[in-house]
2 protein chains.
Amino acid sequence: MYGRWLFQNLSTDKMAKNDTVHFGILGCANIARKVARAISLSPNATVYAIASRSIQKAEKFATENSLPASVRIYGSYDEVVEDSGVDAVYIPLPTSLHVQWAVTAASKMKHVLVEKPAALDVAELDQILEACEFNGVQFMDGSMWLHHPRTAHMEHLLSLSNSTSIGPVHFIHSTSTMPTTKEFLENNIRVKPELDALGALGDLAWYCIGASLWAKGYKLPTNVTALPDVTRNASGVILSITASLQWDKPNQTVANIHCSFLSHTSMDLAICGSNGSMHLRDFIIPYNETSAKFDLTFGAKFVDLHIGWNVRPEEVHVANNLPQEALMVQEFARLVASIRDCGSHPSIKWPEISRKTQVVVDAVKKSLELGCKPVAL
Amino acid sequence: MYGRWLFQNLSTDKMAKNDTVHFGILGCANIARKVARAISLSPNATVYAIASRSIQKAEKFATENSLPASVRIYGSYDEVVEDSGVDAVYIPLPTSLHVQWAVTAASKMKHVLVEKPAALDVAELDQILEACEFNGVQFMDGSMWLHHPRTAHMEHLLSLSNSTSIGPVHFIHSTSTMPTTKEFLENNIRVKPELDALGALGDLAWYCIGASLWAKGYKLPTNVTALPDVTRNASGVILSITASLQWDKPNQTVANIHCSFLSHTSMDLAICGSNGSMHLRDFIIPYNETSAKFDLTFGAKFVDLHIGWNVRPEEVHVANNLPQEALMVQEFARLVASIRDCGSHPSIKWPEISRKTQVVVDAVKKSLELGCKPVAL
């Protein structure tokens with residue numbers, strides 16, 4: 001498997017370590033291939049069990065993804081959550097199934113790493129979060145990009161309040177677009193009303209809303225407005241959506257997001273403050289696995305006569321020792337091991353991030369229902 | 001003066017040529033310094049007269065900008081438009097004065113190059129355009145970036161309809177932001193209600209609206225929606241504005257614009273189609289004078305497991321033999337000479353571009369007045 005060689009020195013001998021967290025994977029979705037590899041690469045995690053509704057499918061997944069022979073193969077999700085050897089579940093199931101399986105897993109004292117969007121709405125997510133809190137298990141959604149050191153580096157720059165700061169953030173622009181086929185637009189799980197009723201608003205806007213909140217230090221916007229260009233498939237599921245988030249004074253900001261299954265691949269993020277800006281075009285999935293960059297522009301102005309600029313964007317490169325998805329697994333497993341082995345409380349950071357993101361997803365949906373009127377939060 | 005040496009070989013001996021167009025400049029605004037230089041650099045144009053309401057100011061301008069001694073210095077705009085040696089006027093006056101002086105100049109058979117925004121509203125612009133049409137003189141607004149060969153190169157890519165096309169344009173993002181001082185925000189001409197009542201909607205959004213229309217082949221949007229984050233100064237003039245332009249099916253597109261006197265300098269333009277995208281961050285004023293680039297991404301998808309991208313943005317560099325403002329002057333002067341010397345009709349391209357831009361400016365203003373409701377065009 002690509003990447004095993006690249007990162008193999010980082011993931012050896014972990015089976016022998018005490019802090020290793022045993023993952024059970026509920027379902028064999030495409031994204032589960034990436035996360036199974038991430039679990040394998042993470043120094044404190046291991047794939048312990050894999051389940052599909054058909055055991056043959058689970059077996060095929062294990063073979064195709066070179067999972068060790070020791071991995072338990074199940075033909076039902078129940079068997080995973082009942083297995084006392086499983087510390088945590090990773091749930092890549094369609095969004096409509098998240099609440100059922102996350103709550104069930106939490107009730108069996110399994111920590112929950114769930115694919116994004118976390119749930120269909122805040123009410124469902126709250127059921128999940130309450131079950132996790134009640135059972136003292138960790139919750140995290142699968143927003144991998146938040147775990148890249150590039151993100152941490154940018155966050156540090158955003159946190160500065162001295163003369164090297166880009167200043168209060170005034171404007172945020174983000175996109176999450178990917179071209180799909182006609183077949184996808186009508187029949188893919190991600191746009192099926194009974195499986196992922198949020199469509200692009202869940203699958204894609206989760207990132208852009210998350211990035212906007214992140215850039216604002218997770219302060220919720222004052223108002224959320226969907227724009228009238230929404231596109232839906234024959235079943236009414238959103239295929240493309242544009243929306244604007246607004247934070248009122250004293251730290252006024254506007255964040256525009258555009259998400260679409262109809263456009264060329266883009267993952268743009270631009271954050272503009274009073275003194276500087278940061279731009280990147282691969283914020284969700286970096287161009288490559290071992291390093292990523294962003295462009296930093298600071299103190300830009302025009303030269304005399306306005307015939308050019310005094311500065312150019314500076315490329316800031318940030319190396320990572322593991323792919324961002326393995327860093328996500330590593331962070332999640334670290335929290336799980338700390339709860340399991342040291343009696344720590346679950347971190348509230350990750351559930352709070354997910355919930356705020358879901359609150360804004362709900363607000364965009366409500367604005368659409370109201371004919372694109374602003375929704376106050 | 002910087003740039004004279006760089007481009008001097010292109011502008012020699014033009015005084016001797018028959019096709020040289022004689023410009024009269026109405027006013028000594030800062031931008032007039034840049035355009036006076038551009039006229040000097042343009043091989044078919046020359047500064048013939050400069051006027052200010054005070055002759056001392058005009059004299060100072062001529063000295064500071066190294067205008068030749070032969071340039072006529074006037075203490076009133078009337079003297080310029082009355083001067084039979086003047087072929088064309090360049091009007092860098094505050095927007096509220098455009099209609100008066102553009103109409104007066106046209107009535108004296110002077111061709112009109114007017115700074116953007118062209119007018120305060122379509123009604124005023126129509127007075128100007130009707131005067132130009134009636135008198136058979138050329139009209140053009142001062143959108144310099146439209147004359148850069150980079151723009152032409154991108155336009156060519158947008159016009160393709162084969163397999164190398166970026167496909168129908170689905171999404172356009174543009175910004176025009178610049179940081180200003182507290183003093184500017186209350187007292188600068190560009191935010192004075194009696195001088196430039198449109199504020200950022202005129203001075204900055206003219207570019208973003210123009211770029212959005214340009215990317216859509218100057219098809220007017222179906223709807224224009226202002227977003228509720230508008231900021232105004234104590235006089236009610238717009239300091240920052242976000243808006244969304246929407247084109248309905250069959251070629252559905254959404255264009256978001258953000259313009260502000262409150263943020264760090266940005267001039268972002270992103271155009272995303274179904275098969276590719278173009279990005280640049282200096283679309284209004286290129287980083288430097290002799291060449292400019294844009295990033296082209298084509299056929300991007302994720303590699304197996306979605307752990308990276310199959311392609312990176314390609315940097316497309318485009319050289320220019322003159323600064324874009326001199327190319328603007330050159331094009332305007334070419335049209336003027338053709339009318340003057342060959343009896344050609346004025347080109348309708350440039351007035352149409354200005355008018356469509358002004359129509360959308362008006363629509364954003366109207367949407368604001370309606371509480372950010374969509375305005376149909």
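Let me begin with the two copies in this predicted model: chain A can be laid on chain B with an RMSD of 0.0 Å, by a turn of 180° together with a shift of 0.0 Å along the axis. The two copies are thus related as by a two-fold rotation axis. The same surface serves both of them, in that 100% of the contact residues of chain A recur in chain B.

From here I will stay with chain B and turn to its sheet. Six strands of chain B form an open sheet, and if you follow them across, the order reads β3-β2-β1-β4-β5-β6, with parallel pairing. At the edges of this sheet lie β3, residues 72–74, and β6, residues 139–141, each of which pairs on one side only. From one strand to the next, the twist averages 25°. Looking inside the sheet, strand β1, residues 21–26, and strand β4, residues 88–91, pair in the parallel sense over three bridges, and in this part of chain B you will find F23(B) standing opposite A88(B) of β4(B).

My last topic is helix α7 of chain B, which spans residues 149–159 and whose buried residues are R150(B), T151(B), M154(B), L157(B) and L158(B). Seen down the axis of α7(B), these buried residues fall within an arc of 120°, so they line one face of the helix. And what covers those buried residues of α7(B)? The cover includes one helix, α10 (205–215), along with the strands β7 (169–177), β12 (269–273), β13 (276–280), β14 (291–298) and β15 (314–319), which likewise belong to chain B.

Notes:
Residues are numbered from 1 along each chain as its sequence is written. Chains are lettered from A and ligands numbered from 1 in the order in which they are written. This is a predicted model: local features need pLDDT of at least 70, side-chain atom pairs count only at pLDDT 80 or more; totals for chains, interfaces and linings use all residues. Side-chain values use heavy atoms; hydrogens and water are left out. Two strands pair if DSSP finds at least two bridges between them. Helices (H or I, at least four residues) and strands (E, at least two) are DSSP runs, numbered from the N terminus. Axes are lines fitted to C-alpha atoms, for helices over the stretch in contact, and angles run from 0 to 180 degrees between N-to-C directions. Buried means under 20% relative accessible area, exposed over 50%, partly exposed in between (1.4 Å probe, protein chains only). The arc is that of the directions from the helix axis to the C-beta atoms. Contact means heavy atoms within 4.5 Å. Copies are superposed by least squares on the C-alpha atoms of residues with pLDDT of at least 70 in both.
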